Each structure stands twice: as C-alpha cells, then as structure tokens.
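Me: I have a structure open and I want to learn how to read it. Can we take it feature by feature?

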Amino acid sequence: MAKQLDSKIPAGPVSEKWKEYKAHQRLVNPKNKLKLDVIVVGTGLAGASAAASLGEMGFNVLNFCIQDSPRRAHSIAAQGGINAAKCYQNDGDSVYRLFYDTVKGGDYRAREANVYRLAEVSNNIIDQCVAQGVPFAREYGGMLANRSFGGAQVSRTFYAKGQTGQQLLLGAYSSLMCQVHAGTVKLFTRYEMEDVVIVDGRARGIIAKNLITGKLERFSANAVVIATGGYGNTYFLSTNAMGCNCTAAVQCYRKGAMFANPSYVQIHPTCIPVHGDKQSKLTLMSESLRNDGRIWVPKKLEDAKALQAGTKKGSDIPEEDRDYYLERRYPAFGNLVPRDVASRAAKERCDKGYGVNNTGLAVFLDFSESIERLGIDIVRQRYGNLFDMYEEITDVNPGELANEINGVKYYNPMMIFPAVHYTMGGIWVDYELQTTIKGLFAIGECNFSDHGANRLGASALMQGLADGYFVLPYTIQNYLADQEVWPRISTDLPEFDEAQKGVEKEIDRLMNIKGKRSVDSIHKELGHIMWEHVGMGRTAEGLKEGLELIKKIKHEFDTNLFIPGSKDGLNTELDKAIHLRDFILMGQLVAYDALSRNESCGGHFREEYQTEEGEAKRDDENYFYVGCWEYQGEDTTAPELTKEPLEYEAIKVQTRNYKN
Ligand SMILES: Cc1cc2nc3c(=O)[nH]c(=O)nc-3n(C[C@H](O)[C@H](O)[C@H](O)COP(=O)(O)OP(=O)(O)OC[C@H]3O[C@@H](n4cnc5c(N)ncnc54)[C@H](O)[C@@H]3O)c2cc1C
C-alpha cells in the first residue's frame with residue numbers, strides 16, 4: 001500500500017499559516033528547558049544559528065562540527081549575498097513577490113507553505129544580522145545597499161562585498177560563542193557524526209568519531225538536529241569545500257529518514273572552467289557578477305575556433321560580432337535568468353561549437369560596458385575580491401584594458417562554465433522541519449524543503465538562517481513539549497551499543513579491504529560518471545548506464561580500496577573513505593530519482609523532455625509531487641518511492657517564462 005506522508009501544513013490562507021502555527025504550537029516552560037538536551041550537528045549558518053538560538057532559549061545544546069572551529073563551516077565560502085523582501089529600493093518588492101519568485105524559480109516543485117514562511121521571515125534575518133554587527137554594504141547615505149540576483153526583477157540581495165557568507169557566519173558564530181560562554185552550548189569540534197541512535201522509534205542521540213583520537217563516542221539527547229550541508233561533492237568536482245560530505249544525512253536515510261528530490265542538483269553557470277585532470281576543486285565566480293557582467297560567445301564559428309586555438313583573445317572580438325545569448329533569448333531577465341536556465345544556455349552554445357577556451361567548454365563574462373559606464377573603482381568596490389580571486393587562479397585581470405577597436409574599449413573578460421554547486425534535494429522534512437524519524441530534524445542545505453527543482457541565488461543563506469534563527473526554535477518546542485525531561489537519556493542503552501558496534505564494524509571493514517586504489521582515485525571516477533550520466537543533460541538510457549557504472553564503482557570501492565595508516569588517531573584517508581561510501585549511495589539515489597522523473601524541471605533536465613526551443617518541459621499531470629525515497633535495508637537494493645503531492649493555493653502553476 002502506498003505510504004502517506006504528513007507534511008503538517010497548517011490550515012488557512014498561506015499568508016496566515018505561520019502566524020497561526022506560532023500562536024498555537026506547544027511551548028516548553030523555562031524550568032523544563034534546562035533539563036532538555038538537543039544535539040545540533042553542524043555549525044554552518046543553519047547549525048550555528050540554531051544552536052545559538054536554542055541555547056539562548058535555555059535548552060542544553062551539544063553542537064558538533066568536523067572542522068577545528070565552527071567558523072570554518074562551508075557557509076564561510078558564500079560570496080554574493082542573502083535575499084530579503086525589505087523593498088529598500090522601492091522597486092515593487094514584497095513578501096509575496098519573494099515568495100512568488102522563489103516558487104517560480106524552483107519550477108513549481110517546492111512546497112508552497114514553506115516558501116511563504118521563508119519569504120515572511122526573510123526581513124527578520126536582516127534585522128538580526130545588522131544587530132549582530134554584520135557589515136552589510138551600505139549606500140553613501142548609510143542605507144543598506146542591494147543588488148540583483150537571478151530570477152528576480154527587483155534588487156533584494158543584501159551583501160558584504162563578495163564575502164557575505166563569511167560575515168554572516170561571523171555574526172552567527174559570535175552569538176554561538178556567547179552561549180558557549182553562558183554554558184548553554186557545548187562545542188565539539190573535529191567530531192564527525194557517524195550514526196543516529198534510535199530508541200523506541202525516536203532519535204535519541206548520535207555516535208560521533210573524535211577525528212583526532214579516532215575514538216567513537218556516544219551522545220544522547222531529547223532531539224537531534226542535522227545541519228550538515230549538501231551532497232554536491234558526490235560529483236567530485238564542485239564549488240563546495242573539500243570537506244563537504246553527506247555522511248550524516250545518508251546515515252539518517254539508512255536509519256529510516258526519507259530522502260526527497262535527490263535529482264534536483266544545481267549546476268551554477270559562472271564557475272572557473274575545469275583546466276586539467278589533476279584538479280580536485282572548482283571555484284565559483286559569484287552570480288552577483290551578472291549584475292554588471294554580460295555573458296557572451298562569438299557570433300561566428302570561425303572566431304570561436306580562433307579562440308579555441310589561442311590565435312585570438314576575447315578582447316579582439318568587436319561588439320558587433322558578440323552574441324549576448326542570454327539577452328537575446330530572455331530579453332525580460334537578460335543575464336539575470338535563474339541558474340538552471342543560464343547553465344543550459346551556456347551548454348547549448350558550447351555544444352554548438354561556440355565555446356571560447358581550448359576545451360571549447362567556456363563562455364565569456366565581460367565587464368567592459370560597466371567599467372566604461374561606472375569606472376573601474378566602483379566595479380572593484382562591488383566585486384574586488386572576486387576579481388582578485390579570478391586573477392590569482394587564471395593570471396588574467398578582468399579589470400584590465402586589453403584592446404580598443406574603433407574607439408570602443410575592451411577589457412579582459414572572465415571565462416566561465418557551469419559546475420555543480422548546490423543540492424536542492426535533501427532529507428525530507430515536514431512543515432516543522434522534522435524528518436520521518438520522530439525527534440530528528442533537518443535544517444539548511446541538508447533538507448529539501450524550500451527551493452523546489454532550482455534554488456534562486458542568495459536564497460540558501462536566507463533559508464539556513466531562517467531555519468536556524470526563526471523556524472526551528474518554534475517548531476522543535478512543539479516536539480519537545482511532551483518529552484520526558486528526567487532522567488536524562490542514558491548512553492548505556494542497548495541501542496547505543498548496537499549503533500556503536502555497527503560503526504566499528506564498518507570502519508574495520510573499510511580498513512581491511514587493503515586493496516590498491518586511493519579514495520580520491522575512486523571518487524574521481526564516481527564524479528566523472530555522475531557528470532557524464534547524471535549531470536546537466538540526462539536521458540533514460542544514460543541514467544541506466546550510469547546506475548550500472550555506479551554499481552561497478554561500489555564493487556571497486558568494496559574490494560580494491562586502500563586506506564593507509566590505522567583507525568586509531570587522526571586518519572583523514574579513513575574519513576574520506578567513509579564519505580565516499582556515502583557519496584556512492586547518494587549517487588545512486590540521484591540517478592534513481594532522475595530516472596523516475598520523466599520530465600524536465602529546474603536543475604533536472606531530461607533531454608527527452610524539452611520544447612523546440614530547448615526549454616525544460618514539465619509534466620504537472622504526472623510529476624507534481626515531492627519524490628521521497630526510502631532505504632530498503634541494503635545499499636545495493638533499489639530504494640522505494642513515496643510521493644508527497646504538492647498543493648498550491650496561492651500561486652497558479654504555469655510554464656516558467658523569463659522572456660517577457
Ligand atoms: C562557493 C559558494 C558560494 C556560495 N554563495 C552563496 C551566496 O552568495 N548566497 C547564498 O544564499 N548561498 C550561497 N551558497 C550556498 C550556501 O553557502 C550554502 O548552501 C549554505 O552555506 C549551507 O549552509 P549549511 O549551514 O546548511 O551547511 P554548511 O555551511 O555546509 O555547514 C555544514 C556543517 O556541518 C558540519 N558537518 C558536516 N558533516 C558532519 C558530520 N558528519 N558530523 C559533524 N559535523 C558535520 C560541518 O562541519 C559544518 O559545520 C554558496 C555556496 C558555495 C559553494
């Protein structure tokens with residue numbers, strides 16, 4: 001019998017649901033809060049904001065991260081900005097418009113009620129961060145400045161140069177450290193969660209590995225919150241930090257938490273192109289650059305060939321021979337179309353032979369027009385650190401005058417190409433951010449909830465902080481209100497024994513494979529399969545082939561992996577092997593989901609389902625649902641699909657249009 005998922009969406013109009021929820025949810029009294037423990041795994045924007053808020057509310061919080069400091073969470077890498085519906089520009093923005101843009105940007109595959117709540121609390125986030133001292137960019141008169149991101153016709157993105165994530169994380173970190181000093185939050189750095197412990201059907205703790213000593217330790221709590229980020233590194237090459245992994249999320253999935261929409265993987269259009277097979281990381285050039293940068297390829301194939309051969313440079317090609325293909329195809333949004341649309345358009349041009357680097361896999365991002373209009377100083381004020389980063393990596397200064405043809409000045413353009421960046425899929429959560437395991441919550445990038453099939457730029461930071469500062473602190477109380485507060489849950493329970501033994505057995509299994517291949521060599525092969533078969537353009541045939549190849553990779557991993565050293569003490573190769581074990585399972589999950597979804601939507605593009613103009617063709621009649629996958633006891637057994645039907649009340653579902 002088909003399973004039913006209760007998304008717990010409150011009744012009433014979409015604009016009233018969250019207010020109603022907050023008015024009626026159960027609360028925990030201050031004395032009981034002192035006796036309730038909450039584990040928060042992760043110290044990125046989602047985890048740090050949640051841990052700080054829960055600590056401030058009076059709960060006992062145990063907060064874990066794999067890095068040596070919470071400040072090194074991957075959120076620190078976020079560049080371009082954070083959205084909010086403040087309408088400081090008086091340009092027609094509103095909570096409704098942010099909600100609408102996000103639902104439309106997600107290709108009508110997000111849960112409407114969650115997205116409305118996200119837009120509603122977006123303004124509180126900015127106030128909170130300003131109060132913490134986050135140095136957002138300001139106008140000359142002192143007002144907070146804004147810029148535009150893809151999929152919107154307003155300027156609603158708040159930013160701190162190209163280092164917004166860093167500044168927001170420092171804000172969250174200072175709140176967290178206040179609570180550490182107040183004694184409500186205990187930090188466990190360089191600890192990796194390896195398993196979630198379930199007692200009587202409820203999440204009651206975790207098994208974590210001390211990454212320095214190699215020892216496994218047990219931690220119990222009344223609720224467990226996972227804030228461990230996305231699974232982009234399944235593809236090996238991505239813009240994610242090298243340490244990003246999906247082990248905690250995948251282990252929760254193995255223990256019964258459903259995983260939603262895994263095939264919704266975001267390929268970001270503006271990354272520095274791959275330049276060799278020794279690379280282990282890709283670098284993002286923030287979407288904010290599309291405010292003032294124009295994307296183009298040559299109009300003539302002969303120019304493209306000359307660029308590929310290195311006999312011409314971008315600045316040699318005059319204005320009339322440039323094809324600003326996004327402005328041509330999507331006049332209403334131009335260079336600021338959403339990421340999935342921009343990435344596919346770049347691929348289309350490169351597939352047709354118009355790519356501009358030696359591999360033919362790059363397009364130009366050009367600032368000539370804006371440098372001439374605004375002056376280099378203003379352009380550098382906005383994007384200086386991104387220009388420096390680009391120059392350090394490629395040895396090309398995008399702000400440098402390179403040529404003048406018929407009185408028109410041309411500056412060095414950047415070369416960019418799409419790369420894996422963000423994962424919209426994640427652990428399934430209901431409106432309360434609770435997973436299908438009671439007492440287990442998931443927040444930030446590791447849940448699936450708000451971005452549908454494609455996330456709009458600057459909305460991940462908004463979601464992480466919304467979840468941590470403004471949603472979970474309410475919803476978790478509704479769960480904790482009737483939990484036993486005394487005695488504390490013991491880590492001597494047989495469930496903890498069993499979980500710890502399971503992890504020990506797995507570590508021994510990996511250490512004892514004693515094969516010939518390094519973790520990275522197998523991971524790289526997995527990444528190649530994922531990119532070729534489960535990447536930007538997918539087909540049923542390619543996905544089936546991909547699944548077969550992933551099975552072979554799994555076999556190779558299980559029989560030919562080599563981990564040097566021992567399991568005692570620090571062993572980063574062992575840690576990477578555990579991550580790879582879970583990336584392999586994740587890769588399968590992405591492929592299964594992509595194969596089951598016979599339509600194109602957002603980041604999931606099935607080549608069989610496209611319009612004559614090459615746009616994604618959705619099938620709302622058959623696929624208007626969240627695809628939720630359930631583990632079937634073995635990594636090798638195909639997962640089972642349950643569908644959560646989507647219900648839209650406030651927004652009319654239609655074909656996305658960024659042309660007019
Ligand atoms: C280069 C780049 C630029 C970006 N720029 C923007 C932007 O401008 N605007 C925007 O909105 N979004 C941006 N994003 C996306 C955004 O940064 C992320 O989606 C967001 O920061 C994720 O936050 P998080 O708290 O969910 O996870 P993370 O920041 O990834 O934090 C994960 C935490 O979990 C911990 N952890 C992981 N696994 C374990 C485990 N097993 N045990 C214990 N701890 C664990 C880690 O130590 C870390 O503390 C960008 C992403 C990239 C890659």
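**Reading helices, strands and turns**

Reply: H1 and H13 are oblique to each other. This is a predicted model, so keep that in mind throughout.

Me: At roughly what angle do the axes of H1 and H13 cross?

Reply: Look at the two axes first. Helix H1 (residues 17–24) and helix H13 (residues 460–480) have axes that come within 10 Å and cross at roughly 45 degrees. Angles of 65 to 115 degrees count as roughly perpendicular, and those under 35 degrees as roughly parallel. The pair is therefore oblique. The crossing of H1 past H13 is left-handed.

Me: Which residues of H1 and H13 meet?

Reply: From H1 come Trp-18, Tyr-21 and Lys-22. On H13 they meet Phe-470, Val-471, Tyr-474, Thr-475 and Asn-478. Sorted by class, this contact has 5 nonpolar, 2 polar and 1 charged residues.

Me: How do H5 and H13 cross?

Reply: Helix H5 (residues 112–132) and H13 have axes that come within 9 Å. They cross at roughly 100 degrees. That makes H5 roughly perpendicular to H13. The contact of H5 with H13 has 10 nonpolar, 6 polar and 1 charged residues. On the H5 side, Leu-118, Val-121 and Ile-125 are among them. On the H13 side, the list includes Met-462, Leu-465 and Tyr-469. Phe-470 of H13 is listed in the contact with H5 and in the contact with H1.

Me: Now strands. How many bridges join S6 to S7, and in which sense do they run?

Reply: For a strand pair, read the direction and the bridges. Strand S6 (residues 191–199) is joined to S7 by 8 bridges, and the two run antiparallel. Then read the turn. S6 and S7 form a hairpin with 2 residues between them. Asp-200, in that turn, has a positive phi of about 50 degrees.

Me: What joins S7 to S8?

Reply: There are 5 bridges between S7 and strand S8 (residues 216–220), again with an antiparallel run. Gly-205 has Ser-220 in S8 as its bridge partner. This hairpin has 5 residues between the strands. There, Gly-214 takes a positive phi near 80 degrees.

Me: Is S7 enclosed or open, and why?

Reply: Count the buried residues. In strand S7 (residues 202–210), 8 of the 9 residues are buried, so the strand is largely enclosed by the rest of the structure. Beyond its sequence neighbours within four places, Lys-209 is in contact with several residues, including Glu-192, Glu-194, Leu-216 and Asp-575.

Me: Which strands form the open sheet with antiparallel pairing?

Reply: That sheet has 4 strands, in the order S18-S10-S20-S21. Its edges are S18 (426–427) and S21 (640–645), each with a single partner strand, so one side of each is left without a neighbour in the sheet. Strand S10 (residues 259–260) is joined to S18 by 2 bridges. Ala-260 stands opposite Gly-426 there. Helix H17 (residues 572–596) lies across S10, S20 and S21, at about 140 degrees to S20.

Me: Is Asn-261 buried or exposed? And what about Asp-395, buried or exposed?

Reply: Check the backbone, then the accessibility. Asn-261 has a positive phi of about 45 degrees, although it is not a glycine. It is found in the loop between S10 and strand S11 (265–271). At 1% relative accessibility, Asn-261 counts as buried. Asp-395 is not a glycine either, and has a positive phi of about 65 degrees. Its place is the loop between helix H12 (376–394) and strand S15 (401–405). Asp-395 is exposed, with a relative accessible area of 66%.

Methods
Residues numbered from 1 in each chain as written. Predicted model: local features only at pLDDT ≥ 70, side-chain atom pairs only at ≥ 80, totals over all residues. Heavy atoms only, no water. Axes fitted to C-alpha atoms, helices over the stretch in contact; angles between N-to-C directions. Parallel < 35°, antiparallel > 145°, perpendicular 65-115°, else oblique. Left-handed = near helix turned anticlockwise from the far one by under 90°. Contact = heavy atoms within 4.5 Å. Nonpolar A, V, L, I, M, F, W, Y, C, P; charged D, E, K, R; others polar. Buried < 20%, exposed > 50% of the residue type's maximum accessible area, 1.4 Å probe, protein only. Pairing = 2+ DSSP bridges.
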